Amino acid sequence: MGTLNVLNITDGTDTVATGYVVNGSAKAWVNLTQVSTQTIRDSLNVSSLTDLGTGQTRISFSSNMNNDDFAGSFYTMASAGENSSNFGNHYAGGFGDKAVASVQAYSHNGSAGVDSGVLDIIIMGELS
């Protein structure tokens with residue numbers, strides 16, 4: 001394999017430093033459902049899901065993160081059959097244990113865990 005070293009990328013009008021593109025891009029993302037059999041609907045750098053119980057999923061990365069200090073963004077949609085967002089149904093989500101190879105995602109409505117119809121998760125950080 002070869003290496004391409006470039007300081008900037010341009011489309012002829014706008015120019016941006018490659019460091020911004022490399023460091024500012026999502027390193028993993030997944031759109032999944034937790035209802036019934038947990039399923040990856042679409043993803044980047046996600047190899048598998050592990051069902052950890054109601055409203056709990058471990059997302060494993062295809063390529064490891066450099067450390068467990070990465071950041072993530074989370075969106076959860078209502079359970080199957082419901083057609084509104086987490087804001088309307090008081091659904092919330094968050095991350096549990098973070099490791100270089102995976103992250104745990106949780107969805108809940110109040111204090112009770114619930115399987116979400118759709119979870120969208122974006123991971124930002126540095127790949128190893």
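## Aromatic pairs and a nonpolar patch

Of the 128 residues in the protein, 30% are buried (buried is under 20% relative accessible area, exposed is over 50%, and partly exposed is in between, with a 1.4 Å probe and protein chains only). The model is a predicted one, where local features need pLDDT of at least 70, side-chain atom pairs count only at pLDDT 80 or more, and totals for chains, interfaces and linings use all residues. Numbering starts from 1 along each chain as its sequence is written, and side-chain values use heavy atoms, with hydrogens and water left out.

The protein has 2 helices and 11 strands, which are DSSP runs numbered from the N terminus (helices are H or I, at least four residues; strands are E, at least two). Read from the N terminus, the order is β-β-α-β-β-β-β-β-α-β-β-β-β.

Now for the rings. Rings of Phe, Tyr and Trp (its six-membered ring) pair up if their centres lie within 6.5 Å; planes under 30 degrees apart are stacked, over 60 edge-to-face, and the rest tilted. That rule gives 2 aromatic pairs, both laid out here:

| Pair | Centre to centre | Angle between planes | Type |
|---|---|---|---|
| Phe61 and Phe70 | 5.8 Å | 80 degrees | edge-to-face |
| Phe74 and Phe95 | 5.5 Å | 85 degrees | edge-to-face |

Phe74 sits in strand β7 (residues 71-77) and Phe95 in strand β8 (residues 91-99), so this pair ties together parts that are 21 residues apart in sequence. Phe74 is buried at 19% relative accessible area, while Phe95 is partly exposed at 30%. In the other pair, Phe61 is buried at 5% relative accessibility, and Phe70 is buried too, at 4%.

Phe70 also has a charge over its ring: Lys98 lies over the face, 4.9 Å from the ring centre. To qualify, NZ of Lys or CZ of Arg has to be within 6 Å of the ring centre and within 35 degrees of the ring normal.

What makes up the nonpolar surface patch of about 520 Å²? Leu4, Val6, Ile9, Tyr20 and Val21 do. Patch members have over 30% relative accessible area and no salt bridge; nonpolar side chains (Val, Leu, Ile, Met, Phe, Trp, Tyr) are joined within 5 Å, like charges within 9 Å. A salt bridge here is a side-chain nitrogen of Lys or Arg within 4 Å of a carboxyl oxygen of Asp or Glu, and areas come from the Shrake-Rupley method with a 1.4 Å probe. Leu4, in the segment before β1 (8-10), is exposed at 74% relative accessibility.
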